[in-house]
Amino acid sequence: MEELYQSYAQTVYKFLLAKCGDGDLAEELTQETFFQAVQSIGRFDGSCKVSTWLCQIAKHLWYQHLRKQGRFSGSPLEEETPDTGTPSAEETLLEKEGRLDLLRLVHGLPEPQKEVVYLRAFGGLSFQEIGDVFGRTETWARVTFYRSKEKLRNGGAYNEK
């Protein structure tokens with residue numbers, strides 16, 4: 001189990017960090033993910049990659065956490081802006097509104113596009129890691145992310161053919 005943890009803990013942590021935006025909570029849920037994995041290792045049938053299985057456990061734990069908090073969808077990372085001087089109140093408000101608008105657009109994307117954007121933009125996962133999480137290829141992750149960006153550039157409207 002230690003080898004499993006060493007191999008996949010960072011991937012699970014990044015996945016959860018992309019979901020919750022809180023490093024401490026992501027760490028706690030990562031630990032719980034591996035605890036749950038130990039408890040249910042007998043049910044792992046090998047039909048998917050270990051990383052996919054672990055991220056599915058992590059996702060269920062995240063949803064469980066949201067239900068306990070009385071929320072049904074988590075807010076993505078809302079990054080603090082670095083202190084590079086003192087922006088005016090208007091600049092701060094406009095920047096925050098711009099971020100919120102972008103996050104609203106991302107939230108409006110269909111699955112799996114929404115999750116791919118969260119994992120890439122907010123979680124810092126590589127395309128290979130994203131592909132592993134979904135049990136797909138790196139190319140699939142790249143194409144899905146690209147199409148998502150195009151959809152966001154067009155204000156959420158993008159005609160896929």
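**A chat about rings, helices and charges**

Author: Let's start with Phe34, which is buried because its relative accessibility is 6%; buried means under 20% relative accessible area, exposed over 50% and partly exposed in between, with a 1.4 Å probe and protein chains only.

Reader: Okay, and what sort of model is this?
Author: This is a predicted model, where local features need pLDDT of at least 70, side-chain atom pairs count only at pLDDT 80 or more, and totals for chains, interfaces and linings use all residues. Residues are numbered from 1 along each chain as its sequence is written, and side-chain values use heavy atoms, leaving out hydrogens and water.

Reader: How many aromatic pairs does the structure hold?
Author: There are 3. Rings of Phe, Tyr and Trp (its six-membered ring) pair if their centres lie within 6.5 Å; planes under 30 degrees apart count as stacked, over 60 as edge-to-face and the rest as tilted.

Reader: Why is the pair of Tyr5 and Phe34 edge-to-face?
Author: Their planes sit at 70°, so the pair is edge-to-face, and the ring centres are 4.9 Å apart. This pair links distant parts of the chain, with Tyr5 in helix α1 (residues 2-20) and Phe34 in helix α2, 29 residues apart. Helices here are DSSP runs (H or I, at least four residues), numbered from the N terminus.

Reader: Is Tyr5 buried or partly exposed?
Author: Tyr5 is partly exposed, because its relative accessible area is 23%.

Reader: What about Phe134 and Trp140?
Author: They form a tilted pair, 5.2 Å centre to centre with 55° between the planes. Phe134 has 23% relative accessibility, so it counts as partly exposed, while Trp140, at 17%, counts as buried.

Reader: Switching topic: where does Ala141 lie?
Author: Ala141 is part of helix α7 (residues 138-153). With 0% relative accessibility, Ala141 counts as buried. The C-alpha atoms of Ala141 and Arg120 are 9.3 Å apart, and these residues are 21 apart along the chain.

Reader: How many residues of helix α5 are buried?
Author: In helix α5 (residues 113-122), 8 of the 10 residues are buried, including Val116, Val117, Tyr118 and Leu119.

Reader: And what follows α5?
Author: Gly124 does, with a positive phi near 70°.

Reader: Last one: where is Glu28 found?
Author: Glu28 is found in helix α2 (residues 23-39). Glu28 is exposed, because its relative accessible area is 54%.

Technical notes: Helix = DSSP H or I, 4+ residues; strand = E, 2+ residues; numbered from the N terminus.
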